Amino acid sequence: MANFLEQLPKHLQEIAERVNVLTPEAILTTPRIRFMDTRTCDLDSCVHSCTPEDVRILKEAAAKWLEQTPVSADSLFKIPARLKWSRVTFGCAALDQCTGGGVSIRGITEICGNSGVGKSQVLLQLSLSVQLPATLGGLGKGVAFICTEDAFPSRRLLQISKAFEARYPAEKLNFLGNIFIEHQYESEPLLDCISNRLPQLLQEHSIGLIVIDSVAAIFRLYTDFDKRARDMRRMVHALLSYADKYDCAVVCSNQMTATEETDETRMEDVPCLGLQWANLSRTRMRISKVPKQYKQGDQLLTVRKLEIVYSPETPNAFTEFLITAEGVVNVPKPSRPTAIKRKLI
C-alpha cells in the first residue's frame, strides 16, 4: 500500500513504519497505544515523537482512504487467518513443538497440575514471550496477570526477564513495564475486576495475554454449586469476548484434587471444579513431575512433563522440560560417548 503511505506527511509515514502498521485496514484496527508504545525504545529514551493528535490524523487518513475504495460487506467481518489462528510461544522449543506452536489466542487454555510442579513458572515465561514480535513467536503485546493465591513472584519474573534480555538483545524490550498485575482473593471482587476494570485496561493498552493464577483458589470455596456454575460462566463469557475482540490469549491455571476411583481402592488426582469448569475451557494441558533428574553443574533438576489432555486442533501428546534459573528450557540430549580407536598390534 505504497500509495497510501506516500500521501501521508513524512513524520506519519515514519510512525506507521516504526510500528510496522502499513495498510489502512491495519491502522484502523490497531489500538492507539501501540503507536505511542515505548517497549521498543531504549530505557533511557522512552519517549516517542508520536502524539495522540498524530494518531487521530493517521486513523482519519486511513478511514478516508478506505471510504474511496469499495469493499464487500463480508470482508469487514473477516479476521486474517494468520491473526485468527496465531499462537503465543512458550519460549521453549520442546513445548512449542508439542503444542503446535504455543498457546492459541482462541478460547481458554487451562494449565493444571499439583502444587509445585511449575505452573506459575510456565505462566511467567508466557508473560515474557508474548511481548516478543511475531517473527519470534510472540504478539508484541503486554500482559494482564491476575493472582488469586500467593503474592505475585516478582523476583522470579525479574530473574527470567534478565535471561530473556540476554537471549534477545536486539529487541531491547522493557519486559517488566508491560505486565499489569492484580491481586484478587474473593469471587465478587474478581468478577468485578474482570467485568469492569479489565476492559478498561484492554482499551488503554495493547494486551496479548490474560492470565488467571488460579481459578481453583476462588471457585473451589463455593458451597452453592449452582451459583458457582453461574459465576464461572459469567467470567468465561467475559474472557472469551475479550479474546475475540482484542485477539489475545487467555490462560488459567488450575489445581488438582484427589478422588477415589470406583473400581479400585486407589486415589487419583484430577483437576478441580469438575465438569462445570472442564466444559468451559477449550484446551487442557497438564504439568507433572517425572521420576528422573538431570544434572546441571552442581544441581540436580527434576524433569517435568507437559501433556495435552484435550484440544480441538492438537493431538494428545507430551514432552519433557526443565525449570532452571533462566526459565523453562528443553531437556538437553545426552551426549554420545566418543569411540576409542584401538590400534592393531
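This is a predicted model: local features need pLDDT of at least 70, side-chain atom pairs count only at pLDDT 80 or more; totals for chains, interfaces and linings use all residues.
The lining of the largest cavity has 3 nonpolar, 7 polar and 2 charged residues. About 50 Å³ of space lies inside it. The model also holds an open sheet of 9 strands with mixed pairing.

**Largest cavity**

- A search of the whole structure turns up 1 cavity of 30 Å³ or more.
- Its lining includes Arg87, Thr99, Gly102, Val103, Ser104 and Thr109.
- Thr283, Met285, Ile308, Ser311, Glu313 and Thr314 also line the cavity.
- Two strands, β2 (103–104) and β10 (283–296), each supply at least two residues of this lining.
- Rolling a probe the size of a water molecule over the atoms shows where empty space is left.

**The nine-strand sheet**

- The strand order is β5-β4-β6-β7-β3-β10-β11-β12-β13.
- β5 (179–183) and β13 stand at the edges with a single partner strand each, so one side of each is left without a neighbour in the sheet.
- From one strand to the next, the twist averages 25°.
- In a regular strand the side chains alternate between the two faces of the sheet.

**Strand β12 and its partners**

- Strand β12 covers residues 318–324 and is mostly covered, with 5 of its 7 residues buried.
- On one side, β12 pairs with strand β11 (residues 299–310) in the antiparallel sense, over 4 bridges.
- In that pairing, Leu306 stands opposite Thr319 in β12.
- β12 is also joined to strand β13 (residues 327–330) by 4 bridges, and these two strands run antiparallel.
- Here Ile323 stands opposite Val328 in β13.
- The link between β12 and β13 is a hairpin through 2 residues.

- Strand β6 (residues 207–213) and strand β7 (residues 249–254) run parallel, joined by 4 bridges.
- Ile210 stands opposite Val250 in β7.
- Helix α12 (residues 225–246) lies across β3 (108–112), β6 and β7.
- The helix runs at about 160° to β6.

**Points to locate in the structure**

- Which strands each supply at least two residues of the lining of the largest cavity? They are β2 and β10.
- Which residue stands opposite Val250? It is Ile210.

How values were computed
Residues are numbered from 1 along each chain as its sequence is written. Side-chain values use heavy atoms; hydrogens and water are left out. Buried means under 20% relative accessible area, exposed over 50%, partly exposed in between (1.4 Å probe, protein chains only). Two strands pair if DSSP finds at least two bridges between them. On a 1 Å grid over the protein atoms alone, a cavity is a set of points where a 1.4 Å probe fits but cannot get out, and a pocket is an open set with protein on both sides within 12 Å along at least five of seven lines; lining residues have an atom within 4 Å of a point. Grid points are joined across faces, edges and corners, and a volume is the space filled by probe spheres set on the points. Ala, Val, Leu, Ile, Met, Phe, Trp, Tyr, Cys and Pro count as nonpolar, Asp, Glu, Lys and Arg as charged, and the others, Gly among them, as polar. Axes are lines fitted to C-alpha atoms, for helices over the stretch in contact, and angles run from 0 to 180 degrees between N-to-C directions. Contact means heavy atoms within 4.5 Å.
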